[in-house]
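Biologist: I have a model on my screen and would like to learn how to read it. Where do we begin?

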Amino acid sequence: MTLTPPDVVRSAYAQLVVTDLAKARWFWVDMLGFHLQYEDESLLCLRGTDELTHHSLVLRKGGTAALDHLSYRVRTSEDVDRAEAYFTALGRPVRRVPKGSGTPGVGDAVRVIDPLGFPVEFFHDIERAERLIQRYDLRRGAEIARLDHFNICTPDIPAAYAHYEALGFGCSETIEGDEHELYAAWMYRKQTVHDVAFTGGAGPRLHHVGVATHESHQVLRTADLFGSLRQEHHIERGPGRHGVSNAFYLYLRDPDGHRVEIYTSDYYTGDPDHETYRWNVRDDRRRDFWGNAVIESWYKEASPVLDLDGRPVPVTESVLDESAVQVGADGLGIVEPAKQGD
Ligand SMILES: O=S(=O)(O)c1ccc(O)c(O)c1
Ligand SMILES: [Fe+2]
């Protein structure tokens with residue numbers, strides 16, 4: 001029996017558990033400039049300046065910092081039923097979340113634990129929100145425009161690739177070994193570089209949420225804002241230019257250690273014959289086009305994830321470890337001189 005996957009439109013929101021809502025509000029609203037769409041004593045629903053639906057980030061107060069769930073928007077309400085049937089047929093834990101019983105603003109949804117162990121929601125209906133695209137008077141901090149992608153840590157990248165390919169995701173770029181072993185992949189439904197990407201490592205864990213600004217000067221200004229306020233310890237990696245995606249980037253850690261990437265200027269991937277661009281793991285421009293080393297914490301640290309009952313999901317150690325491949329300025333393992341023309 002052929003399984004019809006849900007028609008995923010885009011990565012829509014991440015729901016993060018934070019231990020101090022006030023500190024999280026400072027980081028995500030005051031410093032990053034997310035707009036506050038909904039707030040109560042235990043929950044914040046936030047969106048970027050361009051976003052026309054209720055939220056793209058939800059912060060829920062809890063005892064341990066973790067990913068509560070990732071959420072994808074699907075094209076029709078029938079696709080929510082398709083998602084339920086698809087993951088039920090895969091033998092995965094599935095839970096229907098009727099409108100009003102889940103995240104504020106979201107209509108009928110289904111939540112699953114996917115084959116990679118991640119809590120993932122699929123929904124169609126979501127409340128519309130006031131158009132703030134040209135309300136420059138309300139912009140502040142990093143001026144975040146929208147959610148761009150999720151990056152997940154998983155021990156088996158080929159399995160992650162196969163799962164998302166079966167969901168109809170295209171692949172824009174990869175990092176591969178000399179024998180084409182897959183170290184990382186970037187996959188999309190919307191017509192940019194990625195909605196989801198996979199970082200090799202113990203998983204399931206959330207590596208980061210990628211949020212987009214319109215301009216690289218906003219990425220630079222973000223770093224300056226944290227420096228000005230003596231909050232530079234929130235800066236983890238960058239600013240810099242990625243090899244993969246060609247985006248300009250800055251990685252921050254929020255007060256609970258959740259990683260967020262401020263990201264701008266990747267490229268269009270919408271043609272039906274779009275070809276995957278493949279990087280060799282020994283190319284030390286792959287992660288930073290200028291050859292700057294990737295800090296160890298970026299490879300090793302990530303947020304735990306919760307199951308459908310809010311319990312932490314145990315992790316499995318990785319099969320491949322990209323950080324063990326030392327090339328030029330990158331990697332942390334055995335030093336191998338880069339061959340001329342690598
Ligand atoms: O560091 S990489 O160039 O591989 C990279 C590319 C795009 C991303 O969104 C990212 O987080 C990391
Ligand atoms: Fe990213």
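Modeller: Begin with the metal. The donors of the iron ion (ligand 2) follow the spacing H-x58-H-x52-E along the chain. Donors are N, O and S atoms within 2.8 Å of the metal (3.2 Å for Na, K and Ca); water is not among the atoms, so sites may look incomplete.

Biologist: Why does the pair His208 and Glu261 tie together parts of the chain?

Modeller: His208 lies in strand β13 (residues 205–212) and Glu261 in strand β16 (residues 259–264), so the pair links parts that are 53 residues apart in sequence. Strands (E, at least two residues) are DSSP runs, numbered from the N terminus.

Biologist: Which atoms coordinate the iron ion (ligand 2)?

Modeller: His149 (NE2), His208 (NE2) and Glu261 (OE) do, at 1.9 to 2.1 Å.

Biologist: What should I know about the model itself?

Modeller: It is a predicted model: local features need pLDDT of at least 70, side-chain atom pairs count only at pLDDT 80 or more, and totals for chains, interfaces and linings use all residues. Residues are numbered from 1 along each chain as its sequence is written, chains are lettered from A and ligands numbered from 1 in the order in which they are written, and side-chain values use heavy atoms, with hydrogens and water left out.

Biologist: How many residues surround ligand 1?

Modeller: A residue is near a molecule if one of its heavy atoms lies within 4 Å of it. Here 14 residues surround ligand 1. Among the closest are His194, Tyr251 and Arg287.

Biologist: Which polar contacts does ligand 1 make?

Modeller: A polar contact is a pair of N or O atoms within 3.5 Å; within protein, one must be able to donate a hydrogen and the other to accept it, and residues adjacent in sequence count only if both atoms are side-chain atoms. An oxygen atom of ligand 1 is 2.9 Å from a side-chain N or O atom of Glu261. For the side chain of His242, the distance from a ligand 1 oxygen is 3.0 Å. A polar backbone atom of Arg286 is 3.1 Å from an oxygen atom of ligand 1.

Biologist: What about the peptide bonds? Which residue does a cis bond join to Pro239?

Modeller: Gly238, with omega about 5°. Pro239 is in strand β14 (residues 235–241). Another cis bond joins Gly203 and Pro204, with omega about 10°. Pro204 sits in the loop between β12 (196–200) and β13.

Notes: Helices (H or I, at least four residues) and strands (E, at least two) are DSSP runs, numbered from the N terminus.
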